[in-house]
Amino acid sequence: MYNDREQAGACLPVFCATFFSAVGQTMDYEYLFELLAGGVIKGSIYALIALGYTMVYGIIQLINFAHGEIYMISAFVAFIVAGVLTMAGHGGLSVLVLAALVAMLYAAAYGYTLERIAYRPLRNAPRLSPLISAIGASIFLMNYVQLAQTPDFLPFPALVPDFEFLEPVARYLSSIDLIILVVTVVTMLALTVLIKYTRIGKAMRATQQDMVMARLVGINVDRVISATFIIGSVLAAIGGVLIGSRTGQINAAIGFMAGIKAFTAAVLGGIGNIPGAVLGGIVLGVAETLGAGYISSAYEDVFAFGLLVLILIVRPAGLLGKAVRQKV
Amino acid sequence: MLRGGTVVGMSGVAGLLVAASCLLLPLSSLAADTIKLGIAGPHTGDLAPYGLPTRDAAEMIVADLNAKGGINGKQVELMVVDDQCKPEIATNVAAKLVSQGVNVVIGHVCSGATKAALGIYKDAKVIAISPSATNPPLTKSGDYPNFFRTIAADDEQGKIAAAFVTGKLGAKKVAVIHDKGDYGKGFADFSKEAVEKSGKAQVVMYEGIQPGAMDYSAVIQKIRKEGAEAVIFGGYHPEASKLLAQMNKKQIKVPFIGPDGIKGDGFLKIAGKDAEGVYATGPMDVSRYALNAKARNDYKARYGKEPGTFFDQGYAAILAALNAVKVVNGTNYEALGKALKSSPVETPVGKIKFDARGDAEGVGFSVYQVKNGAFVEAK
């Protein structure tokens, strides 16, 4: 058997050569810049959802497939709250903040309940069981919203007003794009601080390293895991509100695609690694945008998942997965 | 919009009903000297709603006509057969109609079933007029000189969109985008072909997009880079809304035209302000024709409900057939074909006659534009 990695190494230059020759033919720096800007923004959308995904995995090694559905439900809650507030005569940022708060509250409740019902009973089961339970929870929630609300698309209001100071560069960066970028970076930093320097963060790391031992030294493991799910779900809610007001439409199925892309971003960056999720998201977004911009958008997902395969062949633990020895 | 594909998908169900479906319903005496009008389409099964309105229309028209003395003194006899939109049943019922001496067939309804039956009618020199088979090759291939239809073919929409963009809008560079689905890509392909054939404009960009994606910025930047002066989009309203919202955000202001998949309230609701000024092709407004209102009122009076899908087209097909029989004063195959192509007749879809290949002239699609939050016909 020959060395697989060597073969992958040979494939990579071929891919790069075709890619850059395509770039070279039509070198147009403004276009390239526009694509890069679009790619970074798209990537930070993926990263925003991937952060919660990767955090939950980092602590309890469970791929929470229902994460995308929490994101979707939060968007619905925000949609309803924003609608009610707008009807009651509120406007501007107060609607955004209130809608986001209620959505986060709902998401926290869903995250907590989901863990209690779908994952806690399976904590000592073989690893495959909670995974299947997660997929089941995801399908259940999607269909539940479809039946309880609507299978149609709903127009999500643009909750972020247009900032005047962005007027000159609005072509590259709209106000909602800026907010998503900032929130993604702030969330990444806050999560890192939380896990590295706070009491609960220490408890989370202990739980991740050895659940039995953590319990022996007096950590309430159940509560730590609940907290993990609540934080993860709140992050999904932030994503739901912001991304909903960027795309301008939601329906019961949006969580699926979001979940898949966020999962890809998390794995790309090294699942369980918080800065890795952001890096993975941005690499994914830029790769998709460049591929779509220079080759064909029909193959956007082919570039995304092709890149994932390539990176995992070369670095099986993801981009940042190995550099950080401890996965939290 | 009925395609062959639908038919194949349906063919798993209820083969048991074949025997029952071949029932004939002779409405008047079986005297030798009647005009035998076949009505073929799905009358049972899940596609029945597409076939029943035409059958009902036929019963209405023929009952009235016979009460008034028939055509040139001859009574019209209906021969109703059910093909359930399945090609294999369609060939059976077609053979049955032929063996019983049918003169003209109204049908079939689904494209796949129609194609299966047409060969049998062609060999027997029987004319078939479909109210709903939209598959382009049925007429365009030239294989079936005995086939006529009162509905526009699938490629008409794409042609109309292309003609509008290159003609009225005067675009020289056109971007064609689609959602990679059968419907959207079909429309996009027909549009692209028509733009290229016209020679008036160039397709500078032809791209599929991923339905359900969260962001289309790359495609939108490409529209700007290629300098497209109009966008033809094949797909449904969620993607159209997302594209438009992002185009507006990126300050790309070019006309945008889509197929009837975006011409509806769903699009207006989701796209909101971004919908303003957008063009869409859609079925022509037939409510302005006097005969349309009369036919619909007669139907409501007789059946106590709104007429269903393809009622107008079915009614038109029957009137066209009866008119041809009247003009020819007989049922000679060649003469009937000639009459259909040369003598116009008032129908619920306008005054129609058929072109050399069998497509009704003057039926089809118009272009609409969103103005003040509603679609109005673009003049």
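Visitor: How many Å separate the centres of domain 1 of chain B and domain 2 of chain B?
Guide: The model is a predicted one, and in it chain B is divided into domain 1, covering 4-151 + 288-352, and domain 2, covering 155-277. Taken over C-alpha atoms, the distance between the centres of domain 1 of chain B and domain 2 of chain B is 36 Å.

Visitor: Which strands of chain B are the edge strands of the open sheet of 5 strands?
Guide: This open sheet of chain B has the order E2-E1-E3-E4-E5, with parallel pairing, and its twist averages 25 degrees from one strand to the next. The strands that pair on one side only are the edge strands, and in chain B these are E2 (76-82) and E5 (147-149).

Visitor: Which residue of E3(B) stands opposite B:Gly38?
Guide: Strand E1 (residues 35-41) of chain B pairs with strand E3 (residues 104-106) of chain B in the parallel sense, and the pairing extends over 3 bridges. In E3(B), the residue that stands opposite B:Gly38 is B:Val105.

Visitor: At about what angle to E3(B) does helix H13 of chain B run?
Guide: Helix H5 (residues 111-123) of chain B lies across E1, E3, E4 and E5 of chain B, and runs at about 160 degrees to E4(B). Helix H13 (residues 311-328) of chain B lies across E1, E3 and E4 of chain B, and its angle to E3(B) is about 170 degrees.

Visitor: What is the order of the strands in the open sheet of 7 strands in chain B?
Guide: The pairing in this sheet of chain B is mixed, and the twist averages 30 degrees from one strand to the next. Its edge strands, each pairing on one side only, are E7 (202-208) and E14 (374-377) of chain B.

Visitor: Which residue in E7(B) is the bridge partner of B:Ile177?
Guide: Strand E6 (residues 173-178) of chain B and E7(B) run parallel and are joined by 6 bridges. Helix H9 (residues 217-226) of chain B packs on this sheet and touches E6, E7 and E8 of chain B, with a direction at about 170 degrees to that of E7(B). Within E7(B), the bridge partner of B:Ile177 is B:Glu207.

Visitor: Why are H7(A) and H9(A) described as roughly perpendicular to each other?
Guide: Helix H7 (residues 199-209) of chain A and helix H9 (residues 221-247) of chain A have axes 10 Å apart and pack at an angle of about 110 degrees. Angles of 65 to 115 degrees count as roughly perpendicular, and therefore H7(A) and H9(A) are roughly perpendicular to each other.

Visitor: How many nonpolar, polar and charged residues are in the contact of H7(A) with H9(A)?
Guide: From H7(A) the contact takes A:Ile200, A:Ala203, A:Met204 and A:Thr207, while H9(A) provides several residues, among them A:Val221, A:Val224 and A:Thr228. Divided by class, the residues of this contact of H7(A) with H9(A) are 7 nonpolar, 2 polar and no charged.

Visitor: Which helix supplies the largest share of the side of chain A that touches chain B?
Guide: Across this interface, 27 residues of chain A are in contact with 26 residues of chain B, and the side belonging to chain A has 11 nonpolar, 9 polar and 7 charged residues. Several helices of chain A each supply at least two residues of that side, including H9, H10 (254-269) and H11 (274-294). The largest share, 6 residues, comes from H2(A).

Note on methods: Residues numbered from 1 in each chain as written. Chains lettered and ligands numbered in written order. Predicted model: local features only at pLDDT ≥ 70, side-chain atom pairs only at ≥ 80, totals over all residues. Pairing = 2+ DSSP bridges. Helix = DSSP H or I, 4+ residues; strand = E, 2+ residues; numbered from the N terminus. Axes fitted to C-alpha atoms, helices over the stretch in contact; angles between N-to-C directions. Contact = placed C-beta atoms within 7 Å. Domains from an automatic or database assignment. Parallel < 35°, antiparallel > 145°, perpendicular 65-115°, else oblique. Nonpolar A, V, L, I, M, F, W, Y, C, P; charged D, E, K, R; others polar.
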